[in-house]
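This report considers the confidence of a model and the pairing of aromatic rings within it. Please examine the sequence and the structure before reading on.

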Amino acid sequence: MPTLAIIDGIKIAMYYAAHEPAHFHELVADHQIALGLQYKGPFGLARDVIGVAIGATHNNGRYADYVRQQDQRLGTSTKVGDGYEYVAEAYYSWSPIPSIYLRPNLQYIRHPGGTSANHDAFIVGLKTGITF
């Protein structure tokens, strides 16, 4: 993950997918863009981090066509989109000791699955980590 810049303790980095797809026809999502910012050491707490991110994922039109054809063939009705899904996230990572962190987060998803047929989603989460 290359760091693009660090400005007054705010880290701007670029994230990549873990691996390249086998073939673009096989992808549910055909492209994605995301931007995130982290501020390390807020409130004088060196191990804590505040983060925000936004992103957009576009669903593959070929995959959506395939699902629609399957629906016609099977007589089913699947909500599938070939548009964009937008997401925004904010979190605070609290580390009481160096080997443990608790990270509550809030996420908002507009057009889940790349379709306006799905209701927007608001998610409250908690991630934890322990390092041995």
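## Confidence of the model

Where pLDDT is low, the predicted coordinates should not be read in detail.

The protein has a mean pLDDT of 84, and 81% of its residues reach 70 or more. Confidence is lowest in strand E2 (residues 10-13), at a mean of 64, and highest in strand E6 (residues 100-110), at 96. Strands (E) are DSSP runs of at least two residues, numbered from the N terminus.

## Basis of the values

This is a predicted model, in which local features need pLDDT of at least 70 and side-chain atom pairs count only at pLDDT 80 or more, while totals for chains, interfaces and linings use all residues. Residues are numbered from 1 along each chain as its sequence is written, and side-chain values use heavy atoms, with hydrogens and water left out.

## Aromatic pairs

The whole structure contains two aromatic pairs. Rings of Phe, Tyr and Trp (its six-membered ring) pair if their centres lie within 6.5 Å; planes under 30 degrees apart count as stacked, over 60 as edge-to-face and the rest as tilted.

The ring centres of Phe43 and Tyr92 are 6.3 Å apart and the planes stand at 35°, so this pair is tilted. Because Phe43 lies in the loop between strand E3 (29-40) and strand E4 (49-59) and Tyr92 in strand E5 (residues 84-97), the pair ties together parts that are 49 residues apart in sequence. Phe43 is exposed, at 68% relative accessible area, whereas Tyr92 is partly exposed, at 23%. Buried means under 20%, exposed over 50% and partly exposed in between (1.4 Å probe, protein chains only).

The rings of Tyr84 and Tyr86 are stacked, because their centres are 5.8 Å apart and their planes are at 20°. Tyr84 is partly exposed at 33% relative accessibility, and Tyr86 is partly exposed at 40%.

Conventions
Helices (H or I, at least four residues) and strands (E, at least two) are DSSP runs, numbered from the N terminus. pLDDT is the predictor's confidence in each residue, from 0 to 100.
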